[in-house]
Amino acid sequence: MPDALYSEVTKAELAHRGWRMVKDRLFGLMMGVGGVTVIVALVTIFFYLLWVVIPLFRPAALSAAAEVALPAGVVHVSTNEQGDVLFTVAADGSYRFLRAGDGKLLGEGSLVPAGARVEAGVGDFRGPGLLALALDGGRAVIAKPAYRISFPNGVRTVTPTLSWPIGAEPIALTADGAALARLAVASADERTTIAAVDADGTLRLTHLAPGEGLLLDDEAPSFETTSVEVTQLPAVPDALLVDGDQQELYVLAGREVGYWNIRDKEQPKLDETVQLVPPGVEITELRFLAGGHSLLVGDSRGHITQWFPVRDEANNFRLTRIREFTALTRPVRRIAPEWFRKGFIAIDAEGTLGVFHATAERTLLTAATGVADALVLAISPRADTVLVVGQDGGAKRYGLVNEHPEVSWRSLWGKVWYEGRAQPEFIWQSSSASSDFEPKFSLTPLAFGTLKAAFYALFFAVPLAILGAMYTAYFMHPKLRAVVKPSIEIMAALPTVILGFLAGLWLAPIIESHLIGVFLAMLLMPLSVGLASYAWSIVPAGLRRVLPPGREVLLIVPLLVGAVALAMILSQPLEQIFFDGNLPRWLSTELGMSYDQRNSLVVGIAMGFAVIPNIFSISEDAIFAVPRQLTTGSLALGATPWQTMARVVLLTASPGIFSAVMIGLGRAVGETMIVLMSTGNTPVMDASIFQGFRALSANIAVEMPESEVDSTHYRVLFLAALVLFLVTFVFNTVAEIVRQRLRRRYGNL
């Protein structure tokens with residue numbers, strides 16, 4: 001070759017190599033940037049989730065006290081929703097509305113009609129905003145503060161006034177005008193129930209319901225009144241309470257409380273008498289928790305116990321002690337429940353204020369107020385303002401920051417005894433129509449549902465995917481493999497919403513009507529493959545040459561289709577013979593196993609089809625990548641193909657196969673649409689394959705659009721997302737560690 005031509009070739013080759021090196025470096029740089037970007041994205045997602053979740057666990061905080069000037073002789077104080085207007089009631093029945101900041105008078109008057117007199121110390125101020133005063137002559141008056149907000153000239157203006165649930169005129173509660181000694185009132189939905197005890201210990205119940213007929217605008221509402229003398233008590237009780245639903249009456253005498261059923265207002269019934277505290281301990285305060293279902297009992301030890309009715313085995317309600325709070329060390333003087341949440345505040349004899357939440361069983365805060373033997377303790381409807389009034393009439397106003405008291409480790413992951421339940425349970429139920437609802441934020445049933453979905457999906461997918469990968473990579477004819485492998489991999493591109501739609505609307509009804517056929521197919525398919533394999537092994541060699549080695553699987557496909565068809569054909573007759581034509585009903589009546597149409601079996605099959613392509617593709621690549629010298633050497637030493645597969649190929653490919661399974665697990669754990677559309681989305685903890693469930697991912701998808709931004713519900717959903725993120729991260733980390741160990745152990749075979 002001439003030197004000039006050789007020189008030109010060398011230059012061209014050097015230029016080509018140089019350009020290739022540049023491209024290699026650029027590609028390497030792009031891969032590095034892409035990898036770093038992925039890591040940065042994951043870290044960003046993690047810290048964003050953490051940023052949203054952290055406020056759930058911030059402790060409650062009480063701001064510095066502000067002195068508030070109140071009128072003399074105050075026996076009751078409440079605030080409006082924003083906490084900037086105070087409503088005070090004095091012992092003589094006079095009331096005032098005051099601006100909280102500077103004490104400016106916004107309105108005043110008297111709850112007592114002219115000529116009437118208030119019975120000293122007899123009143124009911126336990127309801128949220130509702131108050132009742134006992135008057136002379138066995139009468140009572142009931143009122144409730146109301147606040148109208150307007151914006152004249154763009155300035156927020158609060159106009160306070162009074163509303164009268166049963167009218168401004170006093171109502172007579174005793175026929176003979178006997179003086180009242182105890183009074184309890186509940187009013188809701190235009191219905192009012194009043195329990196009263198006179199000085200002789202006679203317990204009376206009065207119920208007022210709206211009268212029939214059309215009312216004109218200028219007419220006062222009329223009420224149908226039902227009055228009944230319930231019983232003659234041995235003495236005047238220490239306290240009376242009527243629940244918010246006006247179905248239960250509690251009569252406290254000493255350490256015992258009488259639990260009365262007043263659903264039938266004309267025939268009240270004493271269900272039981274319960275001792276609330278042990279001997280030697282005195283009850284110092286008795287209040288309802290928000291909703292009027294639970295009793296809060298404060299005692300001389302500083303303990304506060306929660307009680308509510310629970311159905312027993314005979315379906316009767318029994319007042320049951322649920323939980324106890326022991327943060328205070330001196331006798332409890334006052335308890336003030338929150339208006340709309342299951343939290344409450346309490347103050348002891350030394351002036352220590354405690355902030356608690358019943359459902360979460362948390363003591364959120366204790367702080368010294370310096371107000372000994374507090375006369376009044378009040379909390380605003382938004383639970384952000386606390387008022388403490390001392391015996392001398394001096395008042396302190398605190399700001400309270402307590403945004404997410406419902407969240408604790410117990411409420412998220414432990415069994416909680418919720419109101420109205422027979423026992424402690426794991427429950428997720430985040431919303432309700434009533435404002436006094438007890439939110440149930442247990443993540444345990446959601447985590448259980450997530451793992452249940454992953455288990456059944458992998459139970460269905462792993463054997464099919466790995467065995468299919470083994471056959472495709474090692475036994476199948478190369479030309480057939482070139483068709484089968486891409487076809488299965490294309491399944492990974494199928495939208496999961498399509499799989500969920502088909503599973504929920506098409507597959508689930510088929511499985512319900514052919515349930516025995518589904519299980520029969522699971523038996524007939526492997527049996528038919530085994531019999532076909534044996535039959536093929538005894539076929540004469542000349543006939544077997546018709547199909548080249550590795551294409552025998554083409555004969556099994558119609559056989560499997562036939563096995564499934566036979567199972568479906570036999571399903572209805574077998575179900576009619578053995579299960580009276582309805583296997584789901586038989587499971588329920590005979591075995592106590594309820595059957596949901598959209599259940600774990602449907603999810604397992606549908607999600608299995610979504611997971612199979614990933615596990616199959618990675619496993620097949622790992623098996624196919626095993627060096628040929630290993631397999632040929634094994635065969636040359638006398639091992640059979642299956643012995644070579646089991647003892648050489650699978651061990652060498654085990655890191656890749658394990659990675660495939662873990663990637664499939666991660667896919668199953670994070671799957672949303674299939675789980676959302678093909679199961680009942682009921683957050684129950686039942687391992688039965690015939691029961692539905694709710695997964696973390698599906699729960700986020702369902703409830704996030706309806707949650708209030710920055711609410712507890714909203715942040716708990718982000719906590720669920722963080723849990724899902726961490727679980728996936730842990731699975732992937734463990735998978736990588738195991739894969740590396742398997743690689744080091746079997747990589748040198």
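Student: How much space lies in the second largest cavity?

Tutor: A cavity is read by its volume and by the residues that line it. In this predicted model, the second largest cavity holds about 40 Å³ of space. Its lining consists of Thr359, Glu406, Ser411, Tyr418, Pro439, Lys440 and Phe441. By class, these are 3 nonpolar, 2 polar and 2 charged residues.

Student: How many cavities of 30 Å³ or more does the structure hold, and which residues line the largest cavity?

Tutor: There are 2 cavities of 30 Å³ or more. The largest cavity has a volume of about 40 Å³, and the residues lining it are Ala473, Tyr474, Ile623, Phe624, Val626, Arg628, Thr631 and Val649. That lining divides into 6 nonpolar, 1 polar and 1 charged residue.

Student: How is the crossing of α3 and α10 to be described, right-handed or left-handed?

Tutor: One reads the approach of the axes, their angle and the hand of the crossing. The axes of α3 (residues 444-475) and α10 (residues 600-624) come within 6 Å and cross at roughly 35 degrees. The crossing of α3 past α10 is right-handed. The residues of this contact comprise 24 nonpolar, 6 polar and 2 charged.

Student: How far apart are the end C-alpha atoms of helix α12?

Tutor: Here the span is set against that of a straight helix. Helix α12 (residues 641-670) has 30 residues, and its end C-alpha atoms are only 38 Å apart. A straight helix at 1.5 Å a residue would reach 44 Å, so the span of α12 falls short of that value.

Student: Where in α12 does a kink lie?

Tutor: The kink lies at serine 654, shortly before proline 655, and amounts to about 60 degrees.

Notes: Residues are numbered from 1 along each chain as its sequence is written. This is a predicted model: local features need pLDDT of at least 70, side-chain atom pairs count only at pLDDT 80 or more; totals for chains, interfaces and linings use all residues. Side-chain values use heavy atoms; hydrogens and water are left out. Axes are lines fitted to C-alpha atoms, for helices over the stretch in contact, and angles run from 0 to 180 degrees between N-to-C directions. Helices (H or I, at least four residues) and strands (E, at least two) are DSSP runs, numbered from the N terminus. A crossing is left-handed if the near helix is turned anticlockwise from the far one by less than a right angle, and right-handed if clockwise. Ala, Val, Leu, Ile, Met, Phe, Trp, Tyr, Cys and Pro count as nonpolar, Asp, Glu, Lys and Arg as charged, and the others, Gly among them, as polar. On a 1 Å grid over the protein atoms alone, a cavity is a set of points where a 1.4 Å probe fits but cannot get out, and a pocket is an open set with protein on both sides within 12 Å along at least five of seven lines; lining residues have an atom within 4 Å of a point. Grid points are joined across faces, edges and corners, and a volume is the space filled by probe spheres set on the points. The bend at a residue is the angle between axes fitted to the seven residues ending there and the seven starting there.
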